[in-house]
Structure formats: C-alpha cells, structure tokens
Amino acid sequence: MPLWSSHAPDAYPCPFCGLARGDVSDPTNRCELSDLVFQDEELLVFMACDGFGPHEGHAMISPVAHRETLYDLDDHLLARIGAMSRDLALAMKLAWNPEGTSVRQHNEPAGNQHVWHYHLHVFPRYSDDMLYRQVRHPVAVEVRAQKARQLAAALEQILAGARH
C-alpha cells in the first residue's frame, strides 16, 4: 500500500499526457505542440505555459508515461531526468546565456503541485529576476514557440556532444 494517494480528479485530462500523444485538443490543456523541445520514448522537454518575472522561457522535464509525483519514479527514470536537467541547463546557457540556472519540483497540493503529472522546472536565472518573489503569469504561445525552437537547437548540440 503506497504512503500517498493520487490528487488527480476522476477522469483527469492530463495535459502532459496529451502533449506526449501529440493531442492538445482538450479545452483545459494550455500546452501547445509548439512548446515541445525534445521527446523520446521516456522523456518530454517542453516550454512552460507560465512565466515568472521579466525573463520568460523556463522549461520542464516530464516522463512520457503518466507518473504523478516524485514518489512514483523508478531509479532509471529519475536518473534520466537528472541527466536531462543538466543537459537542459547547459542548453539554456548556450541558447540564452543566462547568469545561472535553477531547478525545482513540487509534489502534492501542500507542496505547490498543480498539474498531476511529475514535472521538473528548469529556469534560466538572471540577477534581477526575483524568481521566488514573482506571481506566475501566462506566456504567449508565440513566445513559447520561439523559445522552444531556440532551446531545441541548443539541446541538440548538447546531446550530440554528450554522445561523443
């Protein structure tokens, strides 16, 4: 018996599962196919629909398979997500030259999780961003699409370098 229970409502239309399937038609899904930066059989990397502060363009890493929280990840998937977070942070450095990067992840309502599919946030950081003092705001689809293209090209370079 698990020590936790799902917080997803019955018949939850998971936005990240929709994105993984290439179907974002559910009216509650704010993701767009143009948000996608990277996808393989295990992981998705995509631009977040919301931004914080004046520097929009943070990305998220999520398993393709529906896993609600950190507690639901096996060691292999957790290792893949960890390696991808490093590669994504390096891609952000290459694409946008931020002054730093941060990662964060939330579990359950009291942990500030609001999408019931595990996701790790990776942020480009700037000395004036006030990230942890900002209220979330929507990021325009066009801005996300442009950032996704930039980040995809940089991530491709990072991943190609890691293979050699």
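## Close-up views of the predicted model

Contacts (heavy atoms within 4.5 Å) between residues 24 or more positions apart make up 66% of those in the protein that have a separation of 6 or more. The model is a predicted one, in which local features need pLDDT of at least 70 and side-chain atom pairs count only at pLDDT 80 or more, whereas totals for chains, interfaces and linings use all residues. Residues are numbered from 1 along each chain as its sequence is written, and side-chain values use heavy atoms, with hydrogens and water left out.

**Figure 1. The whole chain, with its 3 helices and 7 strands.** Helices and strands are DSSP runs numbered from the N terminus (helices, H or I, at least four residues; strands, E, at least two), and from that terminus on they follow the order α-β-β-β-β-α-β-β-β-α. The C-alpha trace spans about 45 × 40 × 30 Å along its principal axes. The radius of gyration, taken over C-alpha atoms, is 15 Å, which agrees with the value near 15 Å for a compact globule of 164 residues (the globule rule is 2.2 Å times the number of residues to the power 0.38). Of the 164 residues, 47% count as buried (buried is under 20% relative accessible area, exposed over 50%, and partly exposed in between, with a 1.4 Å probe and protein chains only). The accessible surface comes to about 8,700 Å², and 54% of this surface belongs to carbon and sulfur atoms (Shrake-Rupley method with a 1.4 Å probe; for residues, only the protein chains shown count as cover). The protein carries 14 positive and 21 negative side chains, with the centres of the two sets 6 Å apart (Lys and Arg count as positive, Asp and Glu as negative, and His and the chain ends are not counted; each charge is placed at NZ of Lys, CZ of Arg, CG of Asp or CD of Glu).

Figure 2. With a relative accessible area of 0%, His 117 counts as buried. Its side chain is joined to that of Ser 62 by a polar contact of 3.1 Å (a pair of N or O atoms within 3.5 Å; within protein, one must be able to donate a hydrogen and the other to accept it, and residues adjacent in sequence count only if both atoms are side-chain atoms). Leaving out residues up to four places away in sequence, His 117 touches Cys 14, Phe 16 and Cys 17, together with Ser 62, Pro 63, Val 64, Ala 65, His 66, Arg 67 and Glu 68.

Figure 3. Most residues other than glycine have a negative phi.

**Figure 4. Asp 50 in strand E3 (residues 50-52).** Asp 50 is buried at 12% relative accessibility, and its side chain makes a polar contact of 2.7 Å with the side chain of Arg 30. Residues up to four places away in sequence being set aside, Asp 50 touches Arg 30 and His 58, and also Arg 136, His 137, Pro 138 and Val 139.

**Figure 5. Leu 77 and Asp 87, which both lie in helix H2 (residues 75-96).** Leu 77 is buried, at a relative accessible area of 9%, and, apart from residues up to four places away in sequence, is in contact with Glu 42, Leu 43, Pro 63 and Arg 67. Asp 87 is likewise buried, at 7%, and, when its neighbours within four places in sequence are left aside, is in contact with Leu 155, Ile 158 and Leu 159. The C-alpha atoms of Asp 87 and Asp 74, 13 residues apart in sequence, are 20 Å apart in space.

**Figure 6. Leu 33 in the loop between helix H1 (15-21) and strand E1 (36-39).** Leu 33 is partly exposed, with a relative accessible area of 47%. Without counting residues up to four places away in sequence, Leu 33 touches Leu 19, Gly 22, Asp 23 and Val 24. Leu 33 and Ala 145 are 112 residues apart in sequence, and their C-alpha atoms are 8.7 Å apart in space.
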